[in-house]
Amino acid sequence: MDAAMYKALSGAVVEMRRLETASQDLANINTAGYKGQRLAFSEVLAKRVPPEDRPGGFVAVAGQRTNLNQGAIEGSGNPFHLALEGEGYFAIQTARGERYTRNGGFTMKADGTVITPGGDALLGEGGPIQLSGASMVVAADGTVRSDNNEIGKLRIVRFNDPGKAEKEGANLFRSEGANVSDASDARVVQGHLEQSNAGAVESMITLISINHQFESYQRAMKLLDSVTEKIVSDSAR
């Protein structure tokens with residue numbers, strides 16, 4: 001009875017984790033370049049108990065993965081907005097070191113430095129992109145010009161092993177230098193933004209499913225609790 005209760009409880013905990021992930025996706029359906037999250041599950045006792053003795057292990061979250069599929073690219077009309085077609089990420093200089101993003105919603109500081117919504121500098125092959133004028137023209141290969149002056153070329157990278165790239169706040173990714181290389185096939189589209197790849201309908205369906213699953217675990221735990229209470233009551237007579 002205790003084992004059945006703990007299994008139901010472990011399932012309910014997993015559904016709570018799924019709820020956190022689905023809620024995060026739903027909250028970011030309008031965030032440019034956002035990548036949806038997926039949870040991987042495992043059976044806790046699967047490798048610790050021989051198959052003939054295994055009653056069924058407890059469910060647990062084995063890890064969290066990011067859906068790196070490209071989102072839809074839509075025009076914004078803003079010349080400081082950039083999107084990437086194909087595999088690639090913009091390189092960003094942050095206080096924590098170099099980071100990478102698909103969110104191309106850039107702006108310009110008073111000194112001409114092109115920055116992210118969070119204030120981090122967009123990197124070129126020679127360092128932060130700093131414009132010589134008020135205009136910015138970016139070619140498909142990432143070459144940047146300002147007032148007819150060539151400023152440099154955007155540093156666009158790819159992950160050799162996407163599974164080793166870690167997602168952190170502000171829609172950024174981090175990864176070891178050995179896992180980062182130039183993305184020569186990526187194409188820059190100026191005046192456009194890549195949309196979130198987390199769909200509103202899919203996220204809502206997931207939330208409904210999670211709610212039903214969680215209610216099922218709750219009912220199971222209440223039933224097991226009432227059965228245990230009855231057994232204890234009958235034993236005391």
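V138 has V144 in β12 as its bridge partner. The model is predicted, so local features need pLDDT of at least 70 and side-chain atom pairs count only at pLDDT 80 or more, while totals for chains, interfaces and linings use all residues. Residues are numbered from 1 along each chain as its sequence is written, and side-chain values use heavy atoms, with hydrogens and water left out. Helices (H or I, at least four residues) and strands (E, at least two) are DSSP runs numbered from the N terminus.

**The sheet β11-β12-β13**

- Three strands form an open sheet in the order β11-β12-β13, with antiparallel pairing; two strands pair if DSSP finds at least two bridges between them.
- β11 (137-138) and β13 (149-153) are the edge strands, each with a single partner strand, so one side of each is left without a neighbour in the sheet.
- Two bridges pair β11 with β12 (residues 143-146) in the antiparallel sense; V137 has R145 in β12 as its bridge partner.
- β11 and β12 form a hairpin with four residues between them, and G142 in the turn has a positive phi of about 95°.
- β12 and β13 run antiparallel and are joined by four bridges, with G152 in β13 as the bridge partner of V144.
- The hairpin of β12 and β13 has two residues between the strands, and D147 takes a positive phi near 50° there.

**Salt bridges**

- The structure holds eleven salt bridges, a salt bridge being a side-chain nitrogen of Lys or Arg within 4 Å of a carboxyl oxygen of Asp or Glu.
- E194 and R102 meet through their side chains in one of these (2.7 Å, N to O). E194 lies in strand β19 (residues 192-194) and R102 in the loop between β6 (97-101) and β7 (107-108), so the pair ties together parts that are 92 residues apart in sequence.
- Both E194 and R102 are buried; buried means under 20% relative accessible area, exposed over 50%, and partly exposed in between (1.4 Å probe, protein chains only).
- R145 forms a salt bridge with E150, with 3.6 Å between the closest N and O atoms. R145 is partly exposed, with a relative accessible area of 35%, whereas E150 counts as exposed at 56% relative accessibility.
- The side chains of E166 and R174 form a salt bridge (2.9 Å, N to O). Salt bridges that share partners join R96, R99, E166, E168 and R174 into one network.

**Nonpolar cores**

- A nonpolar core is a set of buried Ala, Val, Leu, Ile, Met, Phe, Trp, Tyr and Cys residues joined through side-chain atoms within 4.5 Å.
- The largest nonpolar core has 18 residues, of which L82, F90, L122, M136 and L154 touch the most other members. At least two residues of this core come from each of β4 (82-85) and β5 (89-94).
- Apart from this core lies another of nine residues, among them L123, F159, A165 and F173.
- Leaving aside residues up to four places away in sequence, M136 touches P79, F80, L82, V114, L131, V144, R145 and Q190, where contact means heavy atoms within 4.5 Å.

**Residue E15**

- E15 is located in helix α1 (residues 2-27) and counts as buried at 6% relative accessibility.
- The side chains of E15 and R18 make a polar contact (2.9 Å). A polar contact is a pair of N or O atoms within 3.5 Å; within protein, one must be able to donate a hydrogen and the other to accept it, and residues adjacent in sequence count only if both atoms are side-chain atoms.
- E15 also touches I210, Q213, F214 and Y217, not counting residues up to four places away in sequence.
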